[in-house]
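Opening my notebook on this one.

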Amino acid sequence: MAWAEEQSWFGLEDSVLEAEEEQQNLLENQLWKTKDRRILPVSSMSTQHIRNSLRKISRDKWRTAYAVLLKAELQKRGFL
């Protein structure tokens, strides 16, 4: 085994890139991955789930690219 393969960080960059690509794909397809790893359309999320997600995005600066999509969904439902 090569030295790099023995290191705990080996392949970590690939994992990060794969996660970023997956997140971009989910966003482009208006899909949300829940904390229990289920994938569902944003349009099928409950209004409360969307509001909670927006609070987390605002508080933790997490999945910030979703803010526009989630706000648009709330607006479509007449909640914004």
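Entry 1, charge. I'm working from a predicted model. I looked for negative charge on the surface and found a patch of it, made up of Asp-14, Glu-18, Glu-20 and Glu-21. Is Glu-21 buried or exposed? Its relative accessible area comes to 57%, and the cut-off for exposed is over 50%, so I put Glu-21 down as exposed.

Entry 2, rings. How many aromatic pairs does the structure hold? I get 2. In one of them, Trp-32 and Trp-62 have ring centres 5.7 Å apart and planes at 80°, so I noted the pair as edge-to-face. Trp-32 belongs to strand β1 (residues 31–33), while Trp-62 is in the loop between α3 (47–60) and α4 (66–76), so this pair ties together parts 30 residues apart in sequence. I checked cover too: Trp-32 is buried at 2% relative accessibility, whereas Trp-62 is partly exposed at 29%.

Tyr-66 lies in helix α4 and Trp-32 in strand β1, so the contact joins parts 34 residues apart in sequence. Tyr-66 has 1% relative accessibility and counts as buried.

I see Trp-32, Trp-62 and Tyr-66 linked into a cluster by their ring pairs.

Notes: Residues numbered from 1 in each chain as written. Predicted model: local features only at pLDDT ≥ 70, side-chain atom pairs only at ≥ 80, totals over all residues. Heavy atoms only, no water. Patch = residues over 30% accessible without salt bridge, like charges linked within 9 Å, V, L, I, M, F, W, Y side chains within 5 Å. Areas by Shrake-Rupley, 256 points an atom, 1.4 Å probe, with all protein chains shown as cover. Salt bridge = Lys/Arg side-chain N within 4 Å of Asp/Glu carboxyl O. Lys, Arg positive; Asp, Glu negative; His and termini not counted. Charge placed at Lys NZ, Arg CZ, Asp CG, Glu CD. Buried < 20%, exposed > 50% of the residue type's maximum accessible area, 1.4 Å probe, protein only. Phe/Tyr/Trp six-rings, centres within 6.5 Å; stacked < 30°, edge-to-face > 60°. Helix = DSSP H or I, 4+ residues; strand = E, 2+ residues; numbered from the N terminus.
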